[in-house]
Structures are given as C-alpha cells and as structure tokens.
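Please open the model in your viewer and keep the selection panel at hand.

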Amino acid sequence: MSEPRPPARLSPAEVGDAAAWFSRTYTGWTWPELLRALDAVLPGDVAREVLPSLLMLPREPRHPAETLRRALRPWTAPPAPRTSTVTLPDAPPRDTVVDGLPALYSVREVADWLDLTVGELEWFADHGGWLRTASPSLRHYHVWTREKRDGFRVIEAPKPRLREMQRRVLRQLVSHIPAHRAAKGFVPGSSTADFAWPHSAKATVLRADLRHCFESITAPRIADVFRRTGYPPAVARLLADLCTTATPADKLRGVPSEHAAHLRGRHLPQGAPTSPHLSNLVMRSLDRRLYGYAAANGLTYTRYGDDLALSGDEMIADRALWVVLKVIASEGFTVHAGKVRDMRAHQRQTLAGLVVNDRPRVSRADYDNLRALLHNARRSGACSQNHAGHPDFRAHVLGLIAWVGASDPVRRERLMRMADEVDWTS
C-alpha cells in the first residue's frame, strides 16, 4: 500500500514564488545548502519533508526551478478558478542573465559578426574534424609539445586568422560572462596572491590539482556554456567549435596514451586566447559546489586554474578530501594523485609557489635564486644567465619579479632596482 499523500499546503502561486527564488539563489546540491535555501522560502515543516524528495530527483542543475516544482507536487493545492490573468515566467538561473552580449541567432548572423562568409565560417569551425588528417598547411593550429616532470604539455596555438576571430569572441562575448567568485586564475587584476591570501595562517590547508584540465573540457561542455547564456543550440555549437580543436594524430607521437585520448576529441586547446576564461566558465558548477560546501562548514575555497585549495582551522581533512574528490569526479575532471596535499600549520603550506603559513610569500630560496640571477647578470651580462634560451629573457625575468612582487612589494622594489642595472643586450 502506498503512503498517504500529505495534505496540500501550498498554492500554485506560492510554489511559483518558491521556484523563482530557489532558481536565483541555487548554488549546489549539498544538504545544508538546500535546507537553508528551502527554509528561506517554504514553511519549515514543508522544507524538511520535501528535502529528501528533492535529493532523490534526477539532478538537473540547469533547471532548479522546474526541479523544485516537481518535488513540491504532493504539497501543491489544485489551482483555484481564476479570471484572465498574466503569469510571468520563472526567473532564469542567475548564470544565464548576461547583458550586452552580441545578438546571434543564426549561422548567418555569426558569420556577419566575424566578417566571414558562411562557407568561411564552416571552414574555421571544422564541424566534421576532417582537418585532423589534412596537411599541416591547411590546419588551423600550430602544435608542439614541451616536456614537464610528469609528462608532456601539448601547446596548440591558433594561426593568425583564427586567433583574431577567437580574440573577438573573447573581447565581445566570453569575457562578459562572469566566472564564479572563487575563481582567481585567468581573471583580470587577479594573481596567485589573490588565490593564496584567503588560506593564510590556517590550521589545515588542502590542495588538489586537476590532471589534463584543458584537454578534459570537451566541445559539448563549451557549447553548454553558450547555450545557458541564451544562444540557440546551433549557434552555441558553432561558437564552441570555433574555440576547440582535435589534435592531429601525427602530433600525438610520444604523448602518453591517457593524455592522447583526451587530445583526439575536440577539446579546449592550450594556446587559444579564449581557453582560459572558457575553462573558468565550464568550472562554475564545480566552484559553486565546493564553495557551498566550504561556506556550510566554516571553510574557505578558492581555485587558480587547475589548482584547488580548501582550508580551515577546524577542518576534518579526510572528510573534506572525500567531498572534493567526489565533486571533481562528478564534474568530469580527474585529480592528479601525486599533487594532493594535506598541509598542517607545523608544516610548510604552499599554494601556487607561495608559502602561506603566515602570509603569502615566495619562498626564501626562490627569492634568493632570483637575486643571484640578477647579480650575475649585472656582472657578466644577461645572456650568461639565459640557460633555458628564452627568446625575450628580460620579459621572462620581469615576469618572475612581478610574481614575487604580487605578494611582497618591498622585495619587488629591491629586485627592480637590481634589474635596472642589468645590460639586457649583452
């Protein structure tokens, strides 16, 4: 025998108001977040009774209003007879409300916006992926690999014409879609110091690193970003194809099979101007969920590119790590097992190369190494210190100084005075 239905307690209008409010404030699927959100808009007994039903429904984070409506059906009274009225639609999810974006509702409008013919646009979008097997002169990307400690970094830089199109997409469209507040990388005016500062002087700092982050972000996930922003599916797919690529097979020789498997499909290329901010937009759901978990448990969460950090003075590290790993896996990413760190106050706590035990600072060893480089360059010439063959060694060194100076202006001034005395042409 089925359980008796609870008595109807909410009018359709009340359900509509609750759904609209829930849609605007929805941040994730953690139990405390949902209960807090429901308590704010529903009677307390209804909120607690509907919560298990809501968690059992299929997870549809793009449609929180409709999800709540379905969960509330047993508590909804039949609509009363009414005269002619106008029912306003529910407010859209907050990450879809973006003003000032180009009005693009057809392939023709996208082509006109980019100053292309429809045929040229289809050529650059390469929907069929046939350029993977075309001759190098016909491909849209220059591809090369760089060795790193745990494998290869595959750089895919768009050729000039596609690069200019991607820059227009970035300037006029992508950059106007906000990332989550926890994202500190690839955000104008932000730095590694902004990523690390919130975790300073904490009893426990937990750090995780995503493996093959850009390569794990597929074209459908990019299309979903554009679709949720309000573009039709055909336009969303076209914009996604302009910002993704599939690596030619001849460029994958020597690349480990796990890494190559990501590269064979359409993915976000390292080297495209649109890729950094698009990665932030794809990871908004991950950021929301971990930020919500942190807020509900008195913790702090930030992310810089593929580096995630969670910290607190009363954090149960094993439990927090379990949540982080589960959320990352459910969002379609993989953790780099060798770069997970649980750092306590009595240990050196480092994030993005900065020591955060007291306040974010570059380690003394890194600072001393940079001073020694500038000292030797001043005595023997800059070329004598360019062991890695940087084409613009001065810019490279100034970048290192900026990295140090982002968290310590005093050190920056000292290093800049030394740099001013270097003959960069010798």
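This is a predicted model: local features need pLDDT of at least 70, side-chain atom pairs count only at pLDDT 80 or more; totals for chains, interfaces and linings use all residues.

Residues are numbered from 1 along each chain as its sequence is written, and side-chain values use heavy atoms, with hydrogens and water left out. Helices (H or I, at least four residues) and strands (E, at least two) are DSSP runs, numbered from the N terminus.

**The largest pocket**

Select Lys148, Arg153, Asp209, Asp306 and Lys339, which are the closest to the centre of the largest pocket among the 38 residues that line it. The space in this pocket is about 1,400 Å³. A pocket here is an open set of points on a 1 Å grid over the protein atoms alone, with protein on both sides within 12 Å along at least five of seven lines; a cavity is a set of points where a 1.4 Å probe fits but cannot get out, and lining residues have an atom within 4 Å of a point. Grid points are joined across faces, edges and corners, and a volume is the space filled by probe spheres set on the points.

Next, colour the lining by element: β1, β2 (151-158), β3, α11 (257-264), β8 (350-351) and α16 each supply at least two residues. The largest share, four residues, comes from β3. By class, the lining has eleven nonpolar, eleven polar and 16 charged residues, where Ala, Val, Leu, Ile, Met, Phe, Trp, Tyr, Cys and Pro count as nonpolar, Asp, Glu, Lys and Arg as charged, and the others, Gly among them, as polar.

**Helix α16**

Now select residues 393-405, the 13 residues of α16. From first C-alpha to last, α16 reaches 18 Å, close to the 18 Å expected at 1.5 Å a residue; the expected span is 1.5 Å times one less than the number of residues. Which residues of α16 are buried? They are Phe393, Val397, Ile401, Val404 and Gly405, buried meaning under 20% relative accessible area, exposed over 50% and partly exposed in between (1.4 Å probe, protein chains only). These residues lie on the same side of α16 because they cover an arc of only 115° around the axis, taken from the directions from the helix axis to the C-beta atoms.

A search of the whole structure finds two cavities of 30 Å³ or more. The largest holds about 190 Å³ of space; Asp126, Leu131, Tyr141, Thr245 and Ala246 are the closest to its centre of the 20 residues that line it. Its lining has nine nonpolar, five polar and six charged residues.

Stay on Asp126, in the loop between α6 and β1. Asp126 has a positive phi of about 50° although it is not a glycine, and it counts as buried at 10% relative accessibility.

Then select Leu206, Ala208, Leu290, Tyr301, Leu308, Ala309, Leu310 and Val324, which line the second largest cavity. About 40 Å³ of space lies there, and β5 gives the largest share of the lining, three residues.

**Final selection**

Finish at Phe186, in the loop between α7 (160-172) and α8 (192-196). Phe186 is not a glycine, yet has a positive phi of about 60°.
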